[in-house]
Amino acid sequence: GRFYIDCEANGFQLIDISWLPDYRGQGIGGLLLKSLLDQASAKAKPVCLQVACGNRALNLYTRFGFMLIDSDDVYRQMEWRPKQP
């Protein structure tokens with residue numbers, strides 16, 4: 001699988017997260033995503049991503065608190081922001 005992130009000055013961009021079929025649904029993506037969100041929270045930075053409409057990962061992102069920012073017929077732009085103290 002792969003988990004590509006761009007660490008920018010104003011936040012993190014999740015570029016790609018994907019697994020071979022035999023490794024999907026085992027919680028690997030959730031563990032890596034939680035680690036990313038923990039890092040982003042420690043730095044008080046948002047995490048942004050783009051996901052194809054209909055991709056089952058939408059459920060994962062929603063469970064982790066990502067919000068819909070924008071969408072078109074193909075992609076949804078989502079963002080997670082750390083909780084304010």
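## The largest pocket

In this predicted model, the largest pocket has a lining of 13 nonpolar, 10 polar and 4 charged residues. The space inside comes to about 650 Å³. If you want to find its centre, look for Ile 17, Asn 55, Ala 57, Leu 60 and Tyr 61, the closest to that point of the 27 lining residues.

As for where the lining comes from, strand 2, helix 1, strand 3 and helix 2 each give two or more residues.

Nonpolar side chains tend to be buried together in soluble globular proteins. Here, the largest nonpolar core counts 18 residues, and Leu 33, Val 47, Leu 49, Tyr 61, Phe 66 and Met 78 have the most contacts inside it. Two or more core residues come from each of strand 2 (11–18), helix 1 (28–42), strand 3 (47–52), helix 2 (57–63) and strand 5 (75–80).

Leaving aside residues up to four places away in sequence, Val 47 touches Phe 12, Leu 36, Leu 37, Ala 40, Phe 66, Met 78, Glu 79 and Trp 80.

## Pairing around strand 5

Strand 5 has strand 3 as an antiparallel partner, with 6 bridges joining the two. Strand 4 (residues 67–71) also pairs with strand 5 in the antiparallel sense, over 4 bridges, and a hairpin of 3 residues links strand 4 to strand 5.

Arg 76 is worth a look here: this strand 5 residue is the bridge partner of Val 51 and also of Ser 71.

Technical notes: Residues are numbered from 1 along each chain as its sequence is written. This is a predicted model: local features need pLDDT of at least 70, side-chain atom pairs count only at pLDDT 80 or more; totals for chains, interfaces and linings use all residues. Side-chain values use heavy atoms; hydrogens and water are left out. A nonpolar core is a set of buried Ala, Val, Leu, Ile, Met, Phe, Trp, Tyr and Cys residues joined through side-chain atoms within 4.5 Å. Buried means under 20% relative accessible area, exposed over 50%, partly exposed in between (1.4 Å probe, protein chains only). Contact means heavy atoms within 4.5 Å. Two strands pair if DSSP finds at least two bridges between them. On a 1 Å grid over the protein atoms alone, a cavity is a set of points where a 1.4 Å probe fits but cannot get out, and a pocket is an open set with protein on both sides within 12 Å along at least five of seven lines; lining residues have an atom within 4 Å of a point. Grid points are joined across faces, edges and corners, and a volume is the space filled by probe spheres set on the points. Ala, Val, Leu, Ile, Met, Phe, Trp, Tyr, Cys and Pro count as nonpolar, Asp, Glu, Lys and Arg as charged, and the others, Gly among them, as polar.
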